[in-house]
Amino acid sequence: MSQSPVICWFRRDLRLADNPALTAAAGTGRPVICLYVLDDETPGEWRMGGASRWWLHNALEALATDLHKRNNRLILRRGRADEVLDDVIDESGAEAVYWNRLYDPAEIERDKRIKAALKDRGLMAESCRGNLGFEPWTIRTGSGDPYKVFSPFLKACLAADPPAAPLPAPEGIGVPGDWPASEDLDSWGLLPTKPDWAGGLRDSWTPGEAGAADRLESFLAGDLDDYAKGRNYPDRDVTSRLSPHLHFGEISVNQIWQRIDFAEKDGAKSVGKFRSEVVWREFSHHLLFHFPDLPENNWRRKFDDFPWREDSDALTAWQKGRTGYPMVDAGMRELWHTGYMHNRVRMIAASFLIKHLLLHWRHGEDWFWDTLVDADLANNSASWQWVAGSGADAAPYFRIFNPIKQGQDYDPKGVYIRRWVPEIAGLPDKHLHAPWEAPAEVLKVARVELDRDYPRPIVDHPAARRRALDAFEAIKGS
Ligand code: FAD
């Protein structure tokens, strides 16, 4: 009689190497049903945005190919995860389900329910640590509380047991005699069609485990010594661009940690800074775990009284990269075109929305959620609240990024701006960051007619700054 199978339920761990759930499932020696469930129905869950869906399609395709090379298959089902798991168990006679833990609030609730229900049925349900280096409940202050400030959190992580050495991909993954039915990936409609806006994404990224490993290696082979300083300059290709790969679990923190440890031992500088950025991701997950309403509500409740404006024209101008501030517009266009925005520019663009336009950070969070390939509930909500000043360990509200000066400091030669805002590329560097201040003669030579080719600023920087500070004064005492 053939052995009953076990299920490895893939979620945001779309890789074969260092996948503890897969290793555990394969280690049973039983046939393994590798299952991915597209769950748009679990209550409370943030439904994936358009750019994430594009990524997911490609990542699933890559995972299916990798499994195929090992004579296995990726079974695809759509529906509520609890119901799909029940169906696949009934169809296959599976006796155990393995998965790697996730930390978004709705997912935690769902997984707890599923684990209890499986156990009630007398089945085995095992969850593993596969997505973080330091699980949120393992890092605590001396008094046992969660951390709210990054620096001591980082210190505590560095003093704790380091992320485990990565596991190799399992040698053999048992193959079921009968396969449960699988849906067709194309039928899920994850790719945009009319219009197909994903050309820039295709040109920019290679989703999947192999693409993630290549990204890490090329980052390490690049100018790692320059990372600490160079990471602030959007015209330099210095950062790792691992964020979407990390979000979808095509590479693990364990793998990155080990590789950068080796690089450090080989004498690479700036590794400490890079490690601390990876720990920012851990910190965001720590915050979301302990403060599960972070994506929806101000962490500092006094911001509930903040006099936000509603202005759909301004929001559209920001989304489309037509604010009249070249550094902000370059970032917003990079985002639309590639599904990514450099971290420094994310801060500038977010600050502009919140402080110059006085639009609620949730508008920005929603837009990023839909357009980023690395859209991540923990990182996105913690970062937006950080910029707004409403979050834990946030930038002080009164620190308002000057979009002109930020451009002059971090894109002094205008390489980044010229790439994304080509209509003003002919302006000399001196006037590129504030085209409306350029003399008429300079504009003429550069063939730029304001309002026709490029908008004038939708708000005046000094006036907007004053207005933001007044708005903050209004809630200071509350
Ligand atoms: P690197 O500099 O190479 O850093 C390595 C890794 O560390 C990143 O891949 C990422 O996983 C992590 N990391 C780096 N900076 C941060 C940070 N500030 N917070 C949390 N983790 C960090 N990051 C996301 O992954 N998803 C998001 O949805 C997201 N939304 C953001 C929204 C705003 C308003 C801001 C200001 C930042 C946001 N970030 C988000 C954080 C950061 O901008 C990106 O992680 C980073 O730009 C990714 O590029 P990289 O992989 O080249 O980073």
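**Between the domains**

Author: Let's start with the second largest pocket: domain 1 (6-130) and domain 3 (301-472) both give residues to its lining, so this pocket lies between the two. Keep in mind as you look around that this is a predicted model. The space in the second largest pocket comes to about 380 Å³. Its lining is made up of 28 residues, and if you head for the centre, the ones lying nearest are Arg-12, Glu-45, Trp-46, Met-48 and Glu-107. Two elements give two or more residues to that lining, namely strand E2 (32-38) and helix H4 (105-120). H4 has the largest share, with four residues. Sort the lining of the second largest pocket by class and you get 15 nonpolar, three polar and 10 charged residues.

Four helices each supply at least two lining residues: H9 (243-247), H11 (271-290), H14 (343-356) and H16 (377-388). H11 gives the most, with nine residues. By class, the lining of the largest pocket splits into 22 nonpolar, 13 polar and 10 charged residues.

On to the cysteines. A disulfide is a covalent bond between the sulfur atoms of two cysteines. With a cut-off of 2.5 Å between the sulfurs, the count here is zero disulfides. Take Cys-34: the nearest cysteine sulfur belongs to Cys-8 and is 5.5 Å away, and Cys-34 is in no disulfide. Cys-34 is also buried, because its relative accessible area of 0% falls under the 20% cut-off. Cys-128 is in no disulfide either, and its nearest cysteine sulfur is again that of Cys-8, at 8.3 Å. With a relative accessible area of 9%, Cys-128 counts as buried too.

Terms used
Residues numbered from 1 in each chain as written. Predicted model: local features only at pLDDT ≥ 70, side-chain atom pairs only at ≥ 80, totals over all residues. Heavy atoms only, no water. Nonpolar A, V, L, I, M, F, W, Y, C, P; charged D, E, K, R; others polar. 1 Å grid on protein atoms, 1.4 Å probe; cavity = no way out; pocket = protein on both sides within 12 Å on 5 of 7 lines; lining within 4 Å. Points joined across faces, edges and corners; volume = space filled by probe spheres on them. Domains from an automatic or database assignment. Buried < 20%, exposed > 50% of the residue type's maximum accessible area, 1.4 Å probe, protein only.
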